[in-house]
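I opened the model today to look up a few residues and then the chain as a whole. My notes follow in the order in which I made them.

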Amino acid sequence: MAHALRLARLGSYTTHPNPRVGCVLVDPVTDEVIATGFHVRAGEGHAEVNALAAAGEQALGCVAYVTLEPCSHTGRTGPCSRALIAAGISRVVIAMRDPNPQVAGRGIAMLQGAGIAVTVGVLEQEARALNPGFLSRMERGRPFVRLKQAMSLDGRTAMASGESQWITGPEARSAVQRLRARSSVVMSGIESVIFDDSRLNVRAEQLGLEAHPLGLEALVARQPLRVVVDTHLRLPLAARILEQDGRTLVVCVADETAAQAERRRLLEAAGAEVLALPAGPEGRVDLEALLRHLAEHEQANEVLLETGAVLAGAMLSAGLVDEMQLFMAPTLLGGEARPLLALPGLEHMAQQRRVEIREIRAVGRDWRITAVPDNGEPVG
């Protein structure tokens with residue numbers, strides 16, 4: 001199963017909107033690995049089908065180790081459970097049940113109905129950690145949100161003028177490119193996009209994945225959807241984010257004014273898509289409604305939030321951040337520089353926001369801190 005999980009990770013950058021899944025076929029007598037497979041991209045063969053194709057007639061009698069319950073429904077490909085039955089697999093070991101309501105135990109039932117022994121729950125937590133976004137979309141109806149920020153040792157993200165390039169070194173920026181590549185959506189606030197003229201795209205030459213078996217072209221074939229939270233449609237028509245391959249969605253608060261209609265027309269003519277949502281707190285974009293829209297209409301599993309203090313603080317305050325990726329550089333920007341988060345209303349120590357630090361590791365000359373906000377039970 002550990003081997004199957006390693007295989008599944010090879011699809012980390014390409015399987016959107018599907019989950020990452022790996023499969024290993026083993027001879028039950030000799031314990032020899034007969035064939036392996038993993039899911040590469042939506043619309044192509046699932047992990048089980050790819051492993052069976054590699055095994056051919058040798059699949060007969062094998063034990064299949066799969067990181068996610070084999071599907072039982074017909075989508076763009078046929079049911080994997082049926083393929084395992086037809087190949088004569090003797091036993092299936094599954095890391096975790098599929099939370100997709102279209103599957104939800106049906107694949108297991110189909111296998112058992114055909115007389116195949118099934119074991120469920122082997123390395124389940126590791127399998128859940130592999131697909132936090134897919135699980136979040138299926139179980140909570142919204143994507144998994146990962147907040148990424150670069151900061152100085154004194155917790156500052158930009159100079160008072162907004163200048164922020166570059167706080168961290170090339171190794172940290174390469175790690176951010178990999179975070180973008182694995183995400184369905186890269187989201188930012190309008191202030192950050194205006195100040196940085198951000199592109200928010202994935203750049204093959206900066207991924208640091210030249211040895212990946214799928215090749216760099218496959219890893220950047222799909223650019224994540226770029227989302228700009230822009231309450232009053234202030235995005236400049238010449239912004240670089242509109243010049244990139246892929247889609248840019250500008251999200252505003254709906255109103256009936258002629259000015260908004262004209263601004264929307266101009267942005268759409270410049271290549272943007274515009275989504276108007278009802279106002280949330282303080283007349284700004286309803287962030288929870290936006291996440292639910294992304295899950296339902298874009299099948300977004302993971303959202304990478306790359307933004308400034310205001311939107312980052314609003315998402316954190318609303319309990320909508322599931323993980324924080326903080327890149328800390330060994331530098332000082334001073335008290336006049338911009339803070340990491342805007343969290344208004346915190347006046348007493350009893351109001352402090354706790355986070356759980358999961359990992360700290362060196363990335364070049366910088367440090368990468370992975371933390372989980374105290375939002376209740378985490379996903380994954």
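I began with Ser 12, which is buried because its relative accessible area is 12% (buried means under 20%, exposed over 50% and partly exposed in between, with a 1.4 Å probe and protein chains only). I note that this is a predicted model, in which local features need pLDDT of at least 70 and side-chain atom pairs count only at pLDDT 80 or more, while totals for chains, interfaces and linings use all residues. Residues are numbered from 1 along each chain as its sequence is written, and side-chain values use heavy atoms, with hydrogens and water left out.

I placed Ser 12 in the loop between α1 (2-9) and β1 (22-26), taking helices (H or I, at least four residues) and strands (E, at least two) as DSSP runs numbered from the N terminus. Its side chain reaches the backbone oxygen of Arg 9 at 2.7 Å. Setting aside residues up to four places away in sequence, I found Ser 12 touching Arg 20 and Arg 182, where contact means heavy atoms within 4.5 Å.

Next I looked up Thr 307, which sits in the loop between β12 (302-306) and α12 (309-317) and is buried, with a relative accessible area of 12%. A polar atom of the Thr 307 side chain lies 3.0 Å from the backbone nitrogen of Gly 189. Not counting residues up to four places away in sequence, Thr 307 touches Lys 148, Gln 149, Ser 188, Gly 189, Ser 192 and Ala 312. I also checked Leu 343, 36 residues from Thr 307 along the chain, and the two C-alpha atoms are separated by 14 Å.

Leaving aside neighbours within four places in sequence, its contacts include Val 251, Val 253, Val 285 and Leu 290.

Turning to the whole chain, I recorded 12 helices and 16 strands. The radius of gyration is 23 Å, close to the 21 Å that the globule rule gives for 380 residues, so the chain is as compact as a globular protein of that length (the radius is taken over C-alpha atoms, and the rule is 2.2 Å times the number of residues to the power 0.38). Buried residues make up 50% of the 380 residues.

Definitions and conventions: Polar contact = N/O pair within 3.5 Å; in protein donor to acceptor, adjacent residues only side chain to side chain.
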